[in-house]
Amino acid sequence: MAVAKRIIPCLDVDKGRVVKGVNFLNIRDAGDPVEIAKRYDKEGADEITMLDITASHETRETTYKTVESIASQVFIPLTVGGGVRSIDDIKKLLRSGADKVSINTSAVENPDFVKEAADKFGSQCIVVAVDAKASSQSEDFWEVVTYGGRNRTGMDVLSWTQQVADYGAGEILLTSMDRDGTKEGFDNDLVFQVSNGISLPVIASGGVGNLDHLIDGIKVGGAEAVLAASIFHFSEYTIKEAKEAMRASGIEVRF
Amino acid sequence: MTQVVVIDYGMGNLHSVSKALEAVSVSETITVSSDLEVIKKSDKLVFPGVGAIKDCMEAFSVDLKETVLEEVKRKPTLAICVGMQMLLESSEENDGVEGLSILDGTVTKIQSSKEIKVPHMGWNQVKFLKDHPLLKNIDDSSFFYFVHSYCCLSSKDALTETTHGERFISSLAKDNIFAVQFHPEKSQTAGLELYKNFLDWSV
């Protein structure tokens, strides 16, 4: 008996609608976030992550309303990220019904923000999202990138994740920008190195194209949870099928 | 009409607790309040807690603490997560914090390792040690959602246990009090069933 490995479907939300870019190109509309969240809950999702990809000032109120609507109908944990810049942003999201808040760029630009947020709200609700890009020079070096990979920071992912762990993050959402949208599977070397280096749970993200990829993220990468978007949105697979495949490979999952 | 009050002492997100109670209530009124009169007039109490235990204990005003201590002794009460830990004798979090000593047991840090991640975050099985009205229609070893870094390892009020590296007490019960380390409001059908049982519970 141990803590079950989690499957987390991710909703990328733009102006109140779930969207997903396929291979970074055409953004496809995948529907209403509340309806999709309810479907995932029914299928047995362990958590739901919602990323506000616009995260602009004008659409923020829509985001709070969406969060509130999901949280009053879906009784599993809800993580919300995208454009979280201040303690006040976190407070508003938690008040709207988010259970955890994911911080990305603001953490890189001001690491003390992680500490401040964890002190104020508790580590359990602070997820640090780390976007990583492999180095072309060295095999064991991944660089932290921001702004969807457009901005390289020069920071080493392994020392960065160690630092945010020390600063009180409760979980790491680790996305390989090399794999995101490719459907080639997680960068499991990256997942393994990060997961091995810290005692926090690591959620593997970026690149899932089939159910074996989910299994590999846990068995090869050592992730505590796996996150995927497009394979679930367009009903290529249901969460239940994913869990059945994981269970058949010997991974403990919740049914 | 039964009045259920979720005690609001300024710590954390009570939205999910009250929404889950509303989702299963038939005729009960669910109120989130810190008002002493509202708490005194209630029929049942929910005592949540999120974050660091020291902040939670400090967020308690003297008046509120006195009222809660008095009311918790006689009304059906459901304590959740840090709320559960606060009802115990003490916690080693924040260099040691004294609890309310309503339930037997102390709180210690979960030992982490490469395999045992802390916080203990996610779904884990809850094994029944005894029977209780709040566990009605819930299968033994059902999965519930946990998020915590500290736990109670033994208590004479233990009702269920869970394993994360070590075995720990995942819920306690004594007279009119039911206290859980996990979050029923985040535990889908099993969690909603527990809330329903709480609303149906008469001590």
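**A walk through chains A and B**

Cys151(B) counts as buried because its relative accessibility is 5%, where buried means under 20% relative accessible area, exposed over 50% and partly exposed in between (1.4 Å probe, protein chains only). This is a predicted model, in which local features need pLDDT of at least 70 and side-chain atom pairs count only at pLDDT 80 or more, while totals for chains, interfaces and linings use all residues. Residues are numbered from 1 along each chain as its sequence is written, chains are lettered from A and ligands numbered from 1 in the order in which they are written, and side-chain values use heavy atoms, leaving out hydrogens and water.

Let's stay with this cysteine for a moment. Cys151(B) sits in strand 10 (residues 150-152) of chain B; helices (H or I, at least four residues) and strands (E, at least two) are DSSP runs, numbered from the N terminus. Leaving aside residues up to four places away in sequence, Cys151(B) touches several others, including Gln85(B), Thr106(B), Phe168(B) and Gln181(B), contact meaning heavy atoms within 4.5 Å. Its C-alpha atom is separated by 6.3 Å from that of Lys109(B), 42 residues apart along the chain.

Now for where the chains meet. Here 33 residues of chain B are in contact with 40 residues of chain A. Together the two chains bury about 2800 Å², 58% of it on carbon and sulfur atoms; buried area is the accessible area (1.4 Å probe) that two parts lose on being put together, summed over both. In chain B, Lys117(B), Met121(B) and Trp123(B) lose the most area to chain A, together 25% of what that side buries.

The rule finds one salt bridge across this interface, that is, a side-chain nitrogen of Lys or Arg within 4 Å of a carboxyl oxygen of Asp or Glu. Lys186(B) and Asp99(A) form a salt bridge through their side chains (2.8 Å, N to O). Among the elements giving two or more residues to the chain B side are helix 1 (15-24) and helix 6 (188-200) of chain B, but strand 8 of chain B provides the largest share, six residues.

Over in chain A, strand 6 (residues 100-103) is covered on both faces. In a regular strand the side chains alternate between the two faces of the sheet. Lys100(A) and Ser102(A) lie on one side and Val101(A) and Ile103(A) on the other, all buried. Strand 5 (residues 78-81) of chain A runs parallel to strand 6 of chain A, joined by three bridges; strands pair if DSSP finds at least two bridges between them. Thr79(A) has Lys100(A) as its bridge partner in strand 6 of chain A.
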